[in-house]
Structure formats: C-alpha cells, structure tokens
Amino acid sequence: VGIDVPTIEVRYDNLNIEAEAYVGSSALPSFAKFTFNIIEGLLISLNILRNRKKPFTILKDVSGIVKPSRLTLLLGPPSSGKTTLLLALAGKLDPNLKFSGRVTYNGHEMNEFVPQRTAAYISQHDLHIGEMTVRETLAFSARCQGVGYLHDMLAELSRREKEANIKPDPDVDVFMKAVASQGEEANVITDYVLKILGLEVCADTMVGDEMIRGISGGQRKRVTTGEMLVGPSRALFMDEISTGLDSSTTYQIVNSLKHTVHILNCTAVISLLQPAPETYDLFDDIILLSDGQIVYQGPREHVLEFFEHMGFECPERKGVADFLQEVTSRKDQEQYWARKDQPYRFITANEFAEAFQSFNVGRRTAEELSIPFDKSKNHPAALVTKTHGAGKKDLLKANFSREYLLMKRNSFVYIFKICQLTIMALISMTLFFRTEMHRDTVTDGGIYTGALFFTAIMIMFNGMSELSMTIAKLPVFYKQRDLRFFPSWAYAIPQWILKIPVAFVEVGAWVFLTYYVIGFDPNVERLFKQYFLLLLINQMASALFRFIAASGRNMIVANTFGSFALLTLFALGGFILSRGIAPKIFSMQWVRCMQLFFSLVSKTHHPCSQWWLLKELSSTEKELLECIQL
C-alpha cells in the first residue's frame, strides 16, 4: 500500500582510534602501582612530568558505508580492531580512547539522536541473571525496549488497506497486530525469537551462571543475541555471535537474520571468526580488517577478484573466509602467491589498503562517500530520539515484576535471615533474662544499654547479605542501563520498596520475641517505638550496604569497606566509646592532638622514665593517655 519501511545507512569517514597504555612493570595491577599511576597522572596533567604511556593505534584512517537490506560480514584476525569498529559504529566507544573522524546515520551525527536505541550492539560477553529462565530474560528485554514505530505504522497500514479494499491474510494480520500492541508484544515477539534461534527446547530452563546449573554455552550465546533481536532496533552490530556454537546452529541464526534484513530492510554487521563456507555464502558484503586498516569492503562476489589482482589465489578446496583471514598474515601469505614467474615478497596490510583505493570497488565506495547523504530521504521513524523505549510507568512495572520474581527465586536467603534472627533472639533472651536484670545502679543501666546495642548490631549485620546480592547483579545492570533499557532509578526503587515487608518481618521477629523477656518498659507505646527505630536501622543498613556494593563493584573491596563501615558505626555509636570520652578525642584540633601525642611519647619513652614521671604530664596529656589506654 505504499508505506516505506525505515532504513538506516551508516557511514564512517576517516575513522582513527588510538589508546594509551602503560608498558612493562607500570602496567602490573598492584596497589603501589595503582597509587603511583594516579599521582603520576595528576602531575602529568599539571605538565610537571612527561607522559610515560605508549600510544597504540587500533583503527587507522578507516572509511566505508554499511548499506541497508544487505547482510555484512566483518572478518579479520584477532587484534585487528573488529570489536572497536563495531563499538564505534554503535556509538558505545570507551570515552578514554582518542577518537577522530565521523560516524553518521542517514547523514545525522551521533549527537542528533540516541544511538544506543537506534542501533543494537550485541556483545561477545554473555551477561545474564542466572536465576531467570530464557523466556523471562527475553520477555523482560522486550518489555523494556518497547515496540518503537510499529504501532503507528500498523495504524497507517490498516487505514490504507481499507482505502484500497485489501483483505490481508488473517494469520499475518493477527501476528502484526499482536507485535505492535504495547504490553502484549512481549509474549508474541519472545516466542517468535525463541523459535528463530532454536531456543524453544530450553525456553523454561534457567540461564544459570557459575553457581547455578543452567543452559549450555552455545544456548547462552543465542540468548545474548535474542535479547537485542526482540527490540525494534533498525541497525544490528553483532560481535562474535558464533562463539560456542556449532556450524549448523550458526548457519540457522545467520540465515534467519538474512531473511529479516532483506524483508524489513534492516542494517546488520556481523563479526565472525571462522565461518563455515555455507555460512559465508549467506552474506552480501564483506569488510576485511587487518592491523586496524580496511583491506577490502564491498560485495562478496568481488573479493577474490581483488586478491587475484594483488597476485594471490584461493585454492579450490579452501574456504574463502579462511583464505581471507590468512592472506594478510605474515606466516600464511606465501602459500597463496599465484605469480610463479615473479619472486614473492610479503605485502603488508597498508599496501593492501592502498591498492584497494585504486580497485574499482574501492573507487566506487570513495565516490559514494564524497556525495553527502540526502537528509530529506531520512524516514522520520528511522532514528530514535527518545532515551527509553517504554514509558516510566511501564519500565517501573517491568522492574518491579523482575525484582519480585528474583526475590521468590532467592527466597531461601530471606527465610534464612529470619531464622537466623529468631535463633539469635532466643539466645539474647537467655543472656538478658529479666529476672537477672536489676535496675538499681548505673551498672545495671549499662547492661540494658548493652542489650540495646546488641540488638542494633544484629539488625545491622543482617543487612550485610545485600553486598553479595547487589554485586552479583551489577554487570547485568550496567549492560542494560547502557543499552537504555531503563534509567537507574527504575532499577533501584523496586529493590528498596519490595524488601520493606521483609524488613517488617525480620525486625518483628526480634522485637516481639525479646522486648518483654529482657524486661524493657512494659508500656506498649515504647514497644512500638523500639520496633519503628529498629526498622529504620534495618533500612539504613540495607541502603548502606547496597551503596557500598555499587561503589566498590567488587566483592573484596565491598566487604572491606562494609566491615569498616560497621566498625565505625559500632565504635562511634556511644556504647564502646561513651559520650564523655569520645568528644575529648575528636573535639581537639588535629594539629594540637599530634603535638600532644609526640610530647607524650617523648616523655613516656625516656630511658629513665618510670610511672611517677606521669606527674610531669599536663592534665590534657593525662586525658589523652587515658583515652589511648582505654
């Protein structure tokens, strides 16, 4: 009916990417080197020291065009810059890299739209929450990414079909309406992608991780691919999606992607290390990288012609993909030399790149790049300008449902914490039994204070499990946040709110068991005051440990800072150091405190010093000595 499907043409012109790295012992990850490198970086920024980092070129003067409706294969030996090129095209480069050149989508610069949602970068690292099944993982991704332009396009399609008196196929019509309906698309699209990727056999199996038995490595790689395929992105950049897959499965995935690209006019670049010949034949275009330079970019049919022009020939029984990766290698190049009448010499990647510029395919690409893209041909729905694919309410609901699901899957942790508090409460009841608790002296009051302090310690220590649970989910959170699945607040709020009822039960298990047995004030108002205060302490401890986990991002660092935070709170809580002593240490100015300390050390460590020398100390020095001894 004349509706144009949005297409994206990606152009990259004179792309140069460099990194700086320490060489030798300076690069060792020790604490001393880490500290020294920070100080050195500060001095370098002040132009006091010379930069000792060595520059490293990743991509050198790379230019080309990735066209819609054509499936492009990115080939190259390891360390040739394939991942960096895909990240640059997807707008996900590390900001620490030195970047120059231009990457445009339909003639628009990266800052004119949201590249993280316009294009989907599929990493070679599989980061998933192990407690969720394959179906739940893909369904959550579909809910967060939304339906994009499909809803508006379907409304226009229905209107034009009625005007033209066209009756669509009932099955196709139902499928399209289900896909384009907000809120209902998750199940339909999820089932569709599960079938395409061959994951229906393990759809209800947990993804798993190092500690949980789950799906195989190849299936996990397909889940990583499917996580982005369920979204409405028009450009796909896939990095080593065949890792861990057999050649038959790789062929099936690439074949389904080929149909998707050709029918829906998508843009796709797929990086594969050693594709099988039948998989290689599915691609329309080839990009061959070597040493950070493009050796060839163009139609698959002309790639062997270019290398024959350079004097190299692919043997009949040799796979073309293997030939392309070996012909630029110093070790393997000589065996493909075809000009027996001329002596062989090694041809570098730089020479290949220069020769390609004079080859007919290279000249045609350069001519196309010299003509700017006509922005008037850009479809309004091609480039996404909204930061997230669904509304705030829908994103919050999706995160609430996922967090509730994870709490049910990890229910043992919460049951164990409640049982732990109950057992410790029973022990506390026997330790601070009311018939043994007197109320006659200040010392007796100190015992009641000790019971309260022990209560606070138990409630706070009970929140330390948040450290490991938060750190375990951090890599997935950072991946999904960077892909614009949801904002950070939509992830953090459900974690806090859904655990409040658990906190009510945990604190209630302690307070209602111990309060009257220990012998606190029998007034019920005081009972609920203690319950409310301990509830706030529980929330404070959980939030503190979640913050430490998010800041440390590492189990060792987080445990260190978590223990330090607890010790600090215990020491300065007014029980271990009473209110009368603590201010004497911390109210003095630090300079005066150090002066007194060294004065005290010089007097008490004198060769003739005895206990009676304490009479020579000033009253303030005696107080400081008492504090140190305590």
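1. In this predicted model, the second largest pocket has a volume of about 690 Å³. Its lining is made up of 28 residues, and those closest to the pocket centre are Gly130, Glu131, Asp209, Ala472 and Lys473.

2. As to where the lining of this pocket comes from, two or more residues are given by each of helix 15 (392-409), helix 16 (411-431) and helix 18 (465-482). Helix 18 supplies the largest share, with 8 residues. Sorted by class, the lining of the second largest pocket holds 14 nonpolar, 6 polar and 8 charged residues.

3. A separate point concerns an open sheet of 3 strands, which are arranged in the order 2-1-4 and pair in the antiparallel sense. Strand 2 (54-66) and strand 4 (98-105) are at the edges and have a single partner strand each, so one side of each is left without a neighbour in the sheet. From one strand to the next, the twist averages 15 degrees.

4. Within that sheet, the antiparallel pairing of strand 1 (residues 10-21) with strand 4 extends over 7 bridges, and Glu18 stands opposite Lys98 in strand 4.

5. Helix 2 (residues 82-90) lies across strand 1, strand 2 and strand 4, and runs at about 125 degrees to strand 1. Helix 14 (residues 360-370) also packs on the sheet, where it touches strand 1 and strand 2, and its direction makes about 85 degrees with that of strand 2.

Note on methods
Residues numbered from 1 in each chain as written. Predicted model: local features only at pLDDT ≥ 70, side-chain atom pairs only at ≥ 80, totals over all residues. Heavy atoms only, no water. 1 Å grid on protein atoms, 1.4 Å probe; cavity = no way out; pocket = protein on both sides within 12 Å on 5 of 7 lines; lining within 4 Å. Points joined across faces, edges and corners; volume = space filled by probe spheres on them. Helix = DSSP H or I, 4+ residues; strand = E, 2+ residues; numbered from the N terminus. Nonpolar A, V, L, I, M, F, W, Y, C, P; charged D, E, K, R; others polar. Pairing = 2+ DSSP bridges. Axes fitted to C-alpha atoms, helices over the stretch in contact; angles between N-to-C directions. Contact = heavy atoms within 4.5 Å.
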